[in-house]
Amino acid sequence: MSGGYAGAPPAPVVLAVRGTAFALALAAFTHTLVQGLVGPGHALAFGLLVVLGEAARRGAHPGEREPAPLGAAGALAYALLGDSAGRPTGHGALQVVAVVVAAQALAAVPRAASGHRVDADRAARRTLTVGFAAVCFQPLYNSGQAVRWFGDGLAFALFLLLLLALTALCDALLAALLARSADRPAGPGATPPYAPLLGDELRALAGIGPAVGATGVVLALGVAVAGLWALPVLCGPLLLTQVSFRRYAAARTTSRQTVSSLARATEIAGYTPPGHARRVAALATAVGRELGLTGPQLTVLEHAALMHDIGQLSLLDPVAGGATVRLPAAEQRRIALLGGAVVRRTGVDPAVAAVVEQQADPYREQLPAARIVRTVNAYDDLCGESVSGPLGALERLRLGTGHDHQPQVVEALGRVLARGGLTPAGAG
């Protein structure tokens, strides 16, 4: 996450998260330097595991929620580590934070030297979530309370899983906060609602999240029984999971590149104004979030918005401004159906083709995503006519809610535009 759009200062929430993480790291280093390093062998082993996990980020794709799963699992394991080969370890929560922060900093050096951006927000989030897990576990373990309450059998493993779930929730809350503050330009949807973003993060936990968390718990329990020899043995399954996830992410990236290329085809051929598809996709996604769409629903909405005009390539002569609303209803329907047929041949989710095919239908017969694309597309077309301006365009959409546009979509569009400022077409 960027923590702000290019050229703008980070949002207050981003500064608060970074500041809290920095204060925690400073306290951890100070405590460790004063008290000395407890169990240096374990600190070195888990620190190297985090460094290796961060180094494996090289193959990560944009949009991956956890680009360094091995590093995350190693950090969690150290936070939840009690015994090692049957002997107590004795390191505390602050030493856990110090080791994880030092490992992240060490792994960031070659990335920064090679010109890659260091993701300060992700590092801050990792620091706070690992610190949360360590603070919940280490005091209970070091005081002996955890053993008295849960023993060292199944109940103890369930206790670790509970801490893992709470840590995952903490991470999702932070990730949603940072995502909400990441991009704050004076444009549509500048500050999206928090609840849909949190829902996205919670659903993302069903991806590689369980593998990361389970590996962290298994590493901690494995070291408790067998010592540090358990680390290389137990990391194998997560590495295989990471390879599989990267392949999936690569396929997803290729699909999005295909969609973006097709979306630009109508602009290059002169059928739609420059930037039209990108503007409609960005604004439609913001409206979709406003209406509660999340995860895969937003992906379908974005791809359909990018490709909604692809059927215009069948026209002998471009429509002025790309606004097919001036054409007869039968011609609009033909263009929409042809666009859907083209989308189906790209291998994109069939739901995207369904949305494109419905663009000429009355809104009561459309899918929710199709209603959003239709309304946002009309708004961009009206702004492009330069006869009514953003306010006038929105008012004309409200007048068309009897047949052409769903009232709830128009009102959601109005709320998104009000938050970001009414922005005329072409501003983005």
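Reader: Leaving aside its neighbours within four places in sequence, which residues is His91 in contact with?
Author: His91 is in contact with Val38, Tyr78, Leu81, Val96, Gln138 and Asn142, where contact means heavy atoms within 4.5 Å. Before we go on, this is a predicted model, where local features need pLDDT of at least 70 and side-chain atom pairs count only at pLDDT 80 or more, while totals for chains, interfaces and linings use all residues. Residues are numbered from 1 along each chain as its sequence is written, and side-chain values use heavy atoms, with hydrogens and water left out.

Reader: Good to know. Where is His91 found?
Author: In the loop between β2 (87-88) and α4 (93-113). Helices (H or I, at least four residues) and strands (E, at least two) are DSSP runs numbered from the N terminus.

Reader: And is His91 buried or exposed?
Author: His91 counts as buried because its relative accessibility is 2%. The scale is buried under 20% relative accessible area, exposed over 50%, partly exposed in between, with a 1.4 Å probe and protein chains only.

Reader: What does the His91 side chain make a polar contact with?
Author: The side chain of Thr89, at 3.4 Å. A polar contact here is a pair of N or O atoms within 3.5 Å; within protein, one must be able to donate a hydrogen and the other to accept it, and residues adjacent in sequence count only if both atoms are side-chain atoms.

Reader: Now His405, what loop is that in?
Author: His405 sits in the loop between α17 (389-399) and α18 (407-420). His405 has a relative accessible area of 8%, so it is buried. Its side chain makes a polar contact with the side chain of Thr375 at 3.1 Å.

Reader: What else does His405 touch?
Author: Not counting residues up to four places away in sequence, His405 touches Tyr363, Arg374, Thr375, Ala378, Leu397, Gly400 and Val410.

Reader: Changing topic: how many cavities of 30 Å³ or more are there?
Author: The count is 1, and the largest cavity has a volume of about 40 Å³. On a 1 Å grid over the protein atoms alone, a cavity is a set of points where a 1.4 Å probe fits but cannot get out, and lining residues have an atom within 4 Å of a point. Points are joined across faces, edges and corners, and the volume is the space filled by probe spheres set on the points.

Reader: Which residues line the largest cavity?
Author: Leu262, Ala263, Thr266, His276, Ala277, Leu306, Met307, His308, Asp309 and Ile310. α11 (236-268), α12 (276-290) and α13 (295-307) each supply at least two lining residues, and α11 has the largest share with 3.

Reader: What about Ala354, which helix does it lie in?
Author: Helix α15, residues 350-357. Not counting residues up to four places away in sequence, Ala354 touches Arg344 and Leu367.

Reader: Last one, how many helices and strands in the whole chain?
Author: 18 helices and 2 strands. Of the 428 residues, 48% count as buried. Among contacts between residues at least 6 apart in sequence, 72% join residues at least 24 apart.

Methods
On a 1 Å grid over the protein atoms alone, a cavity is a set of points where a 1.4 Å probe fits but cannot get out, and a pocket is an open set with protein on both sides within 12 Å along at least five of seven lines; lining residues have an atom within 4 Å of a point.
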